[in-house]
Amino acid sequence: MTVVTSLCHAESISTTPPRVPPSAVGNEANEAQLNHARSEGAAYAAAVAWERDGAAWSARTHAGEMLLTVAVSPAEGGWDLTNDGLRWTDPASGMVHLRLFPEDAENHRFVPGASAHVRFFGADGNELGRAALPAGIYPLTDAYGADLSIPTGVTTLIVTVDALPWRRHDPYNGDRYADETVGVFPISKLGTVQGPTASARAEAASGSVVTASNAALDATVKTMWEQSNAGAEKTDGDYRIDYAVEYSEAYWEMTHGMQHGIPHGTPPGDLRYTVENERTTRRNAHIEVAPRDARNGNFLPGLQVSAVVIGPEGPVAPPMDEPGPGAPTRAGDVPFMWHSWLFHYGQNWRVPGQGAYRLQVHFDAPTARRYGRQSGNRMAKPVDITFDDVTIKVGTK
Amino acid sequence: MKGHLRIAFIVLLGLLGETAQAQLQAPSGNGSADGPPNFFEVQQYDQPFAGWAEPTIWTTYIGSSNQREQHFGKDLPRQGLTAHSIELEYGVTDRLAVGSYFDFVDPHGDSGNYTQARLLARYRFSNRQDLFVNPAVYFEYYLPRRGYGDKQLETRFIADKDIGDFRVVVNPTLSVKTSGAQSGGRPSLGLSGGIYWRKPANVQPGVEYLAEYGPWNHFMDVKQYVLPTVDIAVTKNIVWHIGTGFGVTRNSDHFIVESQLRFDVDVFRPSRLFGRAGR
């Protein structure tokens, strides 16, 4: 990862004032369901603590609506997706691996689908460099990270997580991550970084730190199936694919200023709850897909998921959404949807009526780098999977 | 959620104070509001989200009628009457909402007046789709200006069911006078309901039925209307519900036009009102 040098001054940047995002019972989440989110978060927080124990240096702060943990460990190398499959790249010399673990400050769940960056500052406050921290697929714990060179003389590390561009369910709890989140970390005690990589350590891990996250998410998915009109899971190679179908529902969406992948520093947008989605049956079902890593059960963010719903008369496509942050760009796209207790890819659909349908789900192999020399050589193939006899009930929430 | 309750309490106190003030200042008279209704309500199951406010501007125009309006002691024709109401509803919780109406009546041939306030509270017993029929209860307490009519408590039961692209809503209603000569008398029975076609996103036709049957066990003076309606999404956050009503009994107005302009306002949403840390 190349560190780009530019000018900025550390004194002009401070940690985003901490606040606790909402956790309110409503039509999208009851207390038991919110507790599922807390169980997922507890497992994630425990895994982050375990990762910190093995790091050469780490720090943690409450910034905005997130708890940001940064950890430095030996450079990893990684598996990258190419046209010929996955290819291993060794780390360059002189690099370290820097990871960011953003947790929700209320329930401690990982914040998926974000765009994260790091900047380095010297003692004089001048910026020494910056780098993107793309989402990675790690053996154990979801994180954003990269192999990079930390410039000489760094005394302050500043991490930025852009406002989440994706749609969010839940009229109360979806009202979060609308602003950029900044964490400022003094880093003067960073010494020599050596030893086994964090991923090698994670590959050898055992016990609850390995199983808790998967178990929590399994429980959450089961609860979603109980609530929804249909749902099931299939395994395909390195993936587990869960789906659920609910009534069409509203969501928050960013109103301006946000596009996925834009550089940080963009003026914050605002969130608007799309009440109009609940006024009409123009869309009358909600398709949810939760692809997971079969190895550790973790939800897989960053995918391009699409679906085809096939009824007795053939495929039925939803009406196209207005263009906007988090909106599908092609018919059949099922974009990432933040949810108060089960992250998924979701889209409101229009089907002709209640009945049994077939649901075809497709997504390409993740483009994110896989870490872990032993375990990372996986998820190289796309997924095309069909769920038969999917009962869809029509209506709005 | 305590913040929401605080706000609701303050709003209610303000309304009571305003109403008391209005009663003290109002002219005396022996008018009554027992004629045909001035506002044609089919109360829906949905309510503002907790912490959200929903203002609605109601307007009714009596296009053709042989009925009379008792307006602060004056006996006036209803034909040409225009009635306005400003409603503000506030979601206290996801299930409970409170609010108020301020009604104004402008009869043909006389000056318009503020006539009454109405306090409302509604409670939903479930989330939509949890039960076979979505049940809610809705209370309205009428606080008329002195000389306009009697205080009364109206209780509506709301039953709502989505069938495919259609929504069916029924409001059986009981009204009890709590002041005046008829205080403590037989409750009056009413029924309103509607069927709405919800498939179109921006223009949704419907038909409503509204009836006031009069005191229980003494169904004289029945007023019934049938109203073809349409809901127009003016913007994503503004809905205009308009309808033309036709009286189908001899005690009803012949022809009315109703309009409700509803604003789904999120400026009072919790994060804006209390900050994200305040909940």
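Where is the place of B:F72 in chain B? B:F72 sits in the loop between β2 (68–71) and β3 (74–77) of chain B, where strands are DSSP E runs of at least two residues, helices are H or I runs of at least four residues, and both are numbered from the N terminus. Before going further, note that this is a predicted model: local features need pLDDT of at least 70, side-chain atom pairs count only at pLDDT 80 or more, and totals for chains, interfaces and linings use all residues. Residues are numbered from 1 along each chain as its sequence is written, chains are lettered from A and ligands numbered from 1 in the order in which they are written, and side-chain values use heavy atoms, with hydrogens and water left out.

B:F72 has a positive phi of about 50° even though it is not a glycine. With a relative accessibility of 13%, B:F72 counts as buried; buried means under 20% relative accessible area, exposed over 50%, and partly exposed in between (1.4 Å probe, protein chains only). Chain A has a case of its own: A:Y177, not a glycine either, has a positive phi of about 60°. A:Y177 is found in the loop between β11 (167–168) and β12 (181–186) of chain A, and is buried at 2% relative accessible area. A:R176 lies in that loop between β11 and β12 of chain A too, and is buried at 1%. The side chain of A:R176 reaches the backbone oxygen of A:N173 at 2.7 Å. That is a polar contact (a pair of N or O atoms within 3.5 Å; within protein, one must be able to donate a hydrogen and the other to accept it, and residues adjacent in sequence count only if both atoms are side-chain atoms).

Now for chain B as a whole. Chain B holds two helices and 14 strands, and 48% of its 279 residues count as buried. Take its contacts with a separation of 6 or more: residues 24 or more positions apart account for 57% of them, a contact being heavy atoms within 4.5 Å. B:T229, in strand β12 (residues 223–235) of chain B, gives a local view. B:T229 is buried at 6% relative accessibility, and beyond its neighbours within four places in sequence, its contacts include B:Y196, B:V207, B:H241 and B:E258.

B:V207 lies in strand β11 (residues 203–215) of chain B and is partly exposed, at 38% relative accessible area. Together with B:I163, B:F166, B:I195, B:W197, B:V226 and B:V248, B:V207 makes a nonpolar surface patch of about 570 Å². Patches are made of residues with over 30% relative accessible area and no salt bridge; like charges are joined within 9 Å, and nonpolar side chains (Val, Leu, Ile, Met, Phe, Trp, Tyr) within 5 Å. Chain B exposes about 12300 Å² in total, with 63% of it supplied by carbon and sulfur atoms (Shrake-Rupley method, 1.4 Å probe; for residues, only the protein chains shown count as cover).

What about the interface? Here 29 residues of chain B are in contact with 33 residues of chain A. About 2600 Å² is buried between the two chains, 45% of it from carbon and sulfur atoms; this is the accessible area (1.4 Å probe) that two parts lose on being put together, summed over both. The count between chain B and chain A is two salt bridges, each a side-chain nitrogen of Lys or Arg within 4 Å of a carboxyl oxygen of Asp or Glu. B:D264 pairs with A:R279, the closest N and O atoms being 2.4 Å apart. B:D165 pairs with A:R350 at 2.9 Å. This pair crosses from the loop between β8 (152–163) and β9 (166–177) of chain B to the loop between β21 (344–349) and β22 (355–363) of chain A. B:D165 is buried at 16%, and A:R350 is buried at 14%.

Over all chains, the structure holds 46 salt bridges. In one of them, A:K397 meets A:E28, with the closest N and O atoms 3.7 Å apart. A:K397 lies after β23 (383–392) and A:E28 before α1 (31–53) of chain A, so the pair ties together parts that are 369 residues apart in sequence. Within chain B, a network of salt bridges links B:D46, B:R124, B:R128, B:D160, B:D162, B:R167 and B:R198.
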